[in-house]
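This report covers selected features of one protein model. Please view the sequence and structure before reading on.

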Amino acid sequence: MSALNRVPSLMARAGTASALTLAAVGGSIVVPGAAGEAAAATVGTKALKVAASKKGAPYQWGATGPNRFDCSGLTLYSFKKAGKKLPRTAAQQYNKTRHISKSSRKVGDLVFFHSGSYVYHVGIYAGKNKIWHAPKSGDVVRLQKIWTKSVWYGRVK
């Protein structure tokens, strides 16, 4: 039996099949309107991997990589490597993203820290309430738990 002929039986056993599962067995699926979200998730995931690869890189105010970063410099660099252009500052990046709720956040979305309406920090959501970010002077790029409820979420378009 070919891999393509096994897809219906796999779907029957699992109830549903993800696009990755179908691709792994040589099948395909078309879902109208889903391409935008799938592409955004892929870009975010790629950006997250880039940010994680910079673990230990020193913080430097105004730096955009490849060896030193400030918070928005890390997100700008990571998304550029993933194929998306972001503006320079955390506040500008917030204004360029599609704002989403905490319950809608996904790995690869941006997490914006704010005081009132002032956005002062940004990181990339890594799941399990953690972000990859460049914290502050004297620190390095690292994975850290989100430490406040004063955050907004944005998805790169």
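The sections below describe a predicted model, taking a helix, the salt bridges and a group of paired strands in turn.

## Helix 4

Helix 4 spans residues 71-81 and is mostly covered, with nine of its eleven residues buried. The buried positions are Cys71, Ser72, Gly73, Leu74, Thr75, Leu76, Tyr77, Ser78 and Phe79. Just after the helix, Gly83 adopts a positive phi of about 100 degrees.

## Salt bridges

Three salt bridges occur in the structure. In one of them, the side chains of Asp70 and Arg88 meet at an N to O distance of 2.8 Å. The pair links distant parts of the chain, 18 residues apart: Asp70 sits in the loop between helix 3 (35-53) and helix 4, and Arg88 in the loop between helix 4 and helix 5 (90-96). Asp70 has a relative accessibility of 6%, so this residue counts as buried. Arg88, at 26%, counts as partly exposed.

A salt bridge also joins Arg155 to Asp109, with the closest N and O atoms 2.8 Å apart. Arg155 belongs to strand 6 (residues 151-156) and Asp109 to the loop between strand 1 (97-100) and strand 2 (110-115), so the contact ties together parts that are 46 residues apart in sequence. Arg155 is buried at 7% relative accessibility, and Asp109 is buried at 3%. In the salt bridge between Asp139 and Arg142, the closest N and O atoms are 2.9 Å apart. Here Asp139 counts as buried at 15% relative accessibility, whereas Arg142 is partly exposed at 29%.

## Strand 2 and its partners

Strand 2 is mostly covered: five of its six residues are buried. Strand 2 pairs with strand 3 (residues 118-127) in the antiparallel sense, over six bridges. Within this pairing, His114 stands opposite Val119 of strand 3. The hairpin of strand 2 and strand 3 has two residues between the strands, and Gly116 takes a positive phi near 65 degrees there.

Strand 2 also runs antiparallel to strand 6, to which it is joined by four bridges. Val111 stands opposite Tyr153 in strand 6.

Key: Residues are numbered from 1 along each chain as its sequence is written. This is a predicted model: local features need pLDDT of at least 70, side-chain atom pairs count only at pLDDT 80 or more; totals for chains, interfaces and linings use all residues. Side-chain values use heavy atoms; hydrogens and water are left out. Buried means under 20% relative accessible area, exposed over 50%, partly exposed in between (1.4 Å probe, protein chains only). A salt bridge is a side-chain nitrogen of Lys or Arg within 4 Å of a carboxyl oxygen of Asp or Glu. Two strands pair if DSSP finds at least two bridges between them.
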